[in-house]
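Good morning, colleagues. Please look at the model on the screen while I go through its charged pairs and its surface.

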Amino acid sequence: MQHAKQDALETIGKLPDDADMDEIMYRLYVLDKIRKGQEAVEQGRTTSSENLKHEIDSW
């Protein structure tokens with residue numbers, strides 16, 4: 001997995017030249033959430049769909 005700085009630079013580099021700061025921050029936020037989700041999967045910190053259904057039913 002690449003380093004966060006390199007991922008951020010690549011993400012920003014793909015944006016159009018007229019992207020505003022809000023768009024840049026949003027893209028970096030999404031990138032961070034994706035990276036954290038991938039790390040959770042790699043570490044086995046996931047929930048099965050069956051457990052999720054039971055959790056939703058308890059709401």
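This is a predicted model: local features need pLDDT of at least 70, side-chain atom pairs count only at pLDDT 80 or more; totals for chains, interfaces and linings use all residues.

Residues are numbered from 1 along each chain as its sequence is written, and side-chain values use heavy atoms, with hydrogens and water left out.

The mean pLDDT (the predictor's confidence in each residue, from 0 to 100) of the protein chain is 94.

A salt bridge here is a side-chain nitrogen of Lys or Arg within 4 Å of a carboxyl oxygen of Asp or Glu. The count by this rule is three. Aspartate 7 and arginine 35 form one, at 2.3 Å from N to O. That pair links distant parts of the chain, 28 residues apart, with aspartate 7 in helix H1 and arginine 35 in helix H2; helices are DSSP runs of H or I, at least four residues, numbered from the N terminus. Both aspartate 7 and arginine 35 are buried, where buried means under 20% relative accessible area, exposed over 50%, and partly exposed in between (1.4 Å probe, protein chains only).

Arginine 27 and glutamate 23 pair at 2.6 Å between their closest N and O atoms. They are separated by about one helical turn because they stand four residues apart in helix H2. Aspartate 32 bridges to lysine 36 at 3.2 Å, also within H2.

Finally, tryptophan 59 follows helix H3 (49-57) and counts as exposed because its relative accessible area is 73%. In the loop between H1 and H2, aspartate 17 is exposed too, at 84%.

Key: Helices (H or I, at least four residues) and strands (E, at least two) are DSSP runs, numbered from the N terminus.
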